[in-house]
Amino acid sequence: ASDLGYLRVIRMLRLLRLVKLFKVMKMSRNLWLLVQGFIESFSTLCWVSFLILFVIYAYSCLFRILVDCGKDFSGWNDCSMLFGSMPKAMFTLFQMLTLESWSMLIARPLIEVNPALFVAVISFILLTTFGLLNIIVGVVVENTLSVAKQNMDLQTKCAERQLFKELELLRTVFEEADVDGSGTMDKKEFCEICNTISVRRALHRMGVPLDQAETLFDIIDSNKM
C-alpha cells in the first residue's frame, strides 16, 4: 500500500511539472503562438498527411510494376532491399521524399537501367517534397499569423477596456474633487487631486506626465480655450 501511495505521489509531481511547463509556454509569447498555430492546423495537416500517404502508395504500385528485381534489375544488389515488396517500396519512396541519399542510392541505379524512370522519380519529388510538404509549411505559417492577429486584436480590446475604466475612474475622482460644486476645477484642486495615489497610478498607466501638475493644468486649460 505504501508503494502504491508513493507511485501516486510521483504521478502527481509529474502532472504538476506538466502544468508548470504549460505556464512557461504561455509566458513565452512567440512559442505559444507557434503551438496555437500548429493546433489550429492539425486537421489540415492530417488531410495533407493522408494525401502524402496516398501518393506514396500510388507511386509504390507504379515502381513495383516498372522495377523487376528478378529480370532487368537483377544486377542491382540493393533492388530487393528497396523494392522487393510493397512495404519496402513505400519506405523507399518515403526516403526519397525526405531527400535522404535519393540520388546516389535510388535514382541513379534506376535510371541507368531504365532512363524512363527519370520522369517517375522527378515527378514524385516535385509532387511531394516541393509540393505537399510546402503546403504543410504554408498552412502552419498562415494559421500562426492568424492566431497572432487574433491575439493582437484581443490585446487591443483589453487595452481599450482598461483605458475606458481609467477614464471613468478619473471622471469620478475629478467630480468628487470639485468641492465647490461649480462643475469646473481650478489649478489648486487639480494639483491636489493629482497628488493622490489612485490618480497618479491611473495617469501613469495612461502615459500622462505627472512631474509638473501645474504645467499639465495650463496645457489642458489652454486647449479648452
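**Aromatic pairs**

Q: How many residues apart are Trp47 and Phe50, and in which helix do they lie?
A: Helices here are DSSP runs of H or I with at least four residues, and strands are runs of E with at least two, numbered from the N terminus. Both Trp47 and Phe50 belong to helix H3 (residues 42-66), where they are 3 residues apart, about one turn of the helix. The model is predicted, with local features requiring pLDDT of at least 70 and side-chain atom pairs pLDDT 80 or more, while totals for chains, interfaces and linings use all residues. Residues are numbered from 1 along each chain as its sequence is written, and side-chain values use heavy atoms, leaving out hydrogens and water.

Q: Are Trp47 and Phe50 buried or exposed?
A: Trp47 is exposed, as is Phe50 (exposed: over 50% relative accessible area; buried: under 20%; partly exposed: in between; 1.4 Å probe, protein chains only).

Q: How is a pair of aromatic rings described?
A: The distance of the centres and the angle of the planes describe it. This structure holds 5 aromatic pairs (Phe, Tyr or six-membered Trp rings with centres within 6.5 Å; stacked under 30 degrees, edge-to-face over 60, the rest tilted). The rings of Trp47 and Phe50 have centres 6.4 Å apart and planes at 85 degrees, so this pair is edge-to-face. Phe63 and Phe83, by contrast, form a stacked pair, 5.6 Å centre to centre with 20 degrees between the planes.

Q: Which parts of the chain does the pair of Phe63 and Phe83 link?
A: This pair links distant parts: Phe63 is in helix H3 and Phe83 in helix H4 (residues 79-83), 20 residues apart. Phe63 and Phe83 are both buried.

Q: Which residues do ring pairs link into a cluster?
A: The cluster consists of Phe63, Phe73, Trp76 and Phe83.
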